[in-house]
Amino acid sequence: MRNKPRNSDGTIRQTNKPRVLTNRSIIARWVEAETLHLKRLGMSYQAIADHIVGVAQGKQQVVVPLPEHASFSEDYRIFAQAVHRAFQRGVGRLPNAEAVKLRKLDNERCEDLFLSLQAGIRKGDPRSIEVAVKVLIHKCEINGYKAPAKVEMTGKQGGPLAIETFRKLCEEAEDEGVEDKNSNGDSKTE
């Protein structure tokens, strides 16, 4: 079966007519642009959703210019989850240079957060230290240099582990798991 030509909202169009940008598609692209801009300013997804609903109701000003022929329905609403999806789609549409800029912005934010935690770290505040470690972990994930967890089992004196030893360890672990279940009374009925 041949693929039929479609409009931007997925409806089938006749081949002798041009593609039509629907109001829904125009608003979706504007939401993506507005979300990207507000996310760069550091707003949360929920705050962005509230802002967009406020713009739709005429209570707030737009940050990214709204196309003049776009109009919102009276009961327009958007939730944080949909804003997150719009952000993901928007980032996917960006050229690589823009994605690099976003990564750089996130790195700068992480550095600012880490810098603001320095006073607490120097005083030995455990909460500041914990948050600083989380900030550094986040920065590693953003930049992609977090090493994958590697588990290596070795035998005596750091040598290779014999297959028989490995099988015995697996059997012991399984036996301990069964004993734990039996002691709780979960899997054994008497």
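Predicted model: local features only at pLDDT ≥ 70, side-chain atom pairs only at ≥ 80, totals over all residues.
# A first look at an all-helix model

Glu32 is buried, with a relative accessible area of 4%. Glu32 meets two arginines, Arg29 and Arg93, in salt bridges.

**The chain overall**

- The protein chain has 7 helices and 0 strands.
- Followed along the sequence, the pattern reads α-α-α-α-α-α-α.
- The protein chain holds 190 residues, and 22% of them count as buried.
- Across the whole structure, a search finds 7 salt bridges.

**Salt bridges around Glu32**

- The side chain of Glu32 forms a salt bridge with that of Arg93, at 2.8 Å from N to O.
- Glu32 belongs to helix α1 and Arg93 to helix α3, so this pair ties together parts that are 61 residues apart in sequence.
- Arg93 is partly exposed, at 47% relative accessibility, whereas Glu32 is buried at 4%.
- Glu32 also pairs with Arg29, and here the N to O distance is 3.2 Å.
- Both Glu32 and Arg29 lie in helix α1, where 3 residues, or about one turn of the helix, separate them.
- Arg29 has a relative accessible area of 40%, so this residue counts as partly exposed.

- Arg127 and Glu130 form a salt bridge, with their closest N and O atoms 3.5 Å apart.
- About one helical turn separates Arg127 and Glu130, because they are 3 residues apart in helix α6.
- Glu130 is partly exposed, and its relative accessible area is 37%.
- Elsewhere, salt bridges with shared partners link Arg29, Glu32, Arg89 and Arg93 into one network.

**The second largest pocket**

- The second largest pocket contains about 190 Å³ of space.
- Helix α4 gives the most to the lining, with 6 residues.
- The lining residues include Lys39, Arg40, Phe87, Gln88 and Val91.
- Also among them are Ala99, Leu102, Arg103, Leu105, Asp106 and Arg109.
- Sorted by class, the lining has 5 nonpolar, 1 polar and 5 charged residues.

- Ile129, Val133 and Ile137 make a nonpolar surface patch of about 220 Å².
- One of these residues, Ile129, is found in helix α6, which covers residues 126–143.
- Ile129 has 37% relative accessibility and so counts as partly exposed, a class that lies between the cut-offs of 20% and 50%.

- Ser128, like Ile129, can be found in helix α6.
- Ser128 counts as buried because its relative accessibility is 11%, and buried means under 20%.
- Ser128 and Ser116 are 12 residues apart along the chain, and 9.5 Å separates their C-alpha atoms.
- Asn7 sits in the segment before α1.
- With a relative accessible area of 15%, Asn7 is buried.
- From Asn7 to Pro18 is 11 residues in sequence and 8.6 Å in space, taken from C-alpha to C-alpha.
- Phe72 has its place in the loop between α2 (45–56) and α3.
- Phe72 is at 18% relative accessibility, which means that it counts as buried, since the cut-off is 20%.
- The C-alpha atoms of Phe72 and Ala56 are 5.7 Å apart, although 16 residues separate the two along the chain.

Note on methods: Residues numbered from 1 in each chain as written. Heavy atoms only, no water. 1 Å grid on protein atoms, 1.4 Å probe; cavity = no way out; pocket = protein on both sides within 12 Å on 5 of 7 lines; lining within 4 Å. Points joined across faces, edges and corners; volume = space filled by probe spheres on them. Helix = DSSP H or I, 4+ residues; strand = E, 2+ residues; numbered from the N terminus. Nonpolar A, V, L, I, M, F, W, Y, C, P; charged D, E, K, R; others polar. Patch = residues over 30% accessible without salt bridge, like charges linked within 9 Å, V, L, I, M, F, W, Y side chains within 5 Å. Areas by Shrake-Rupley, 256 points an atom, 1.4 Å probe, with all protein chains shown as cover. Salt bridge = Lys/Arg side-chain N within 4 Å of Asp/Glu carboxyl O. Buried < 20%, exposed > 50% of the residue type's maximum accessible area, 1.4 Å probe, protein only.
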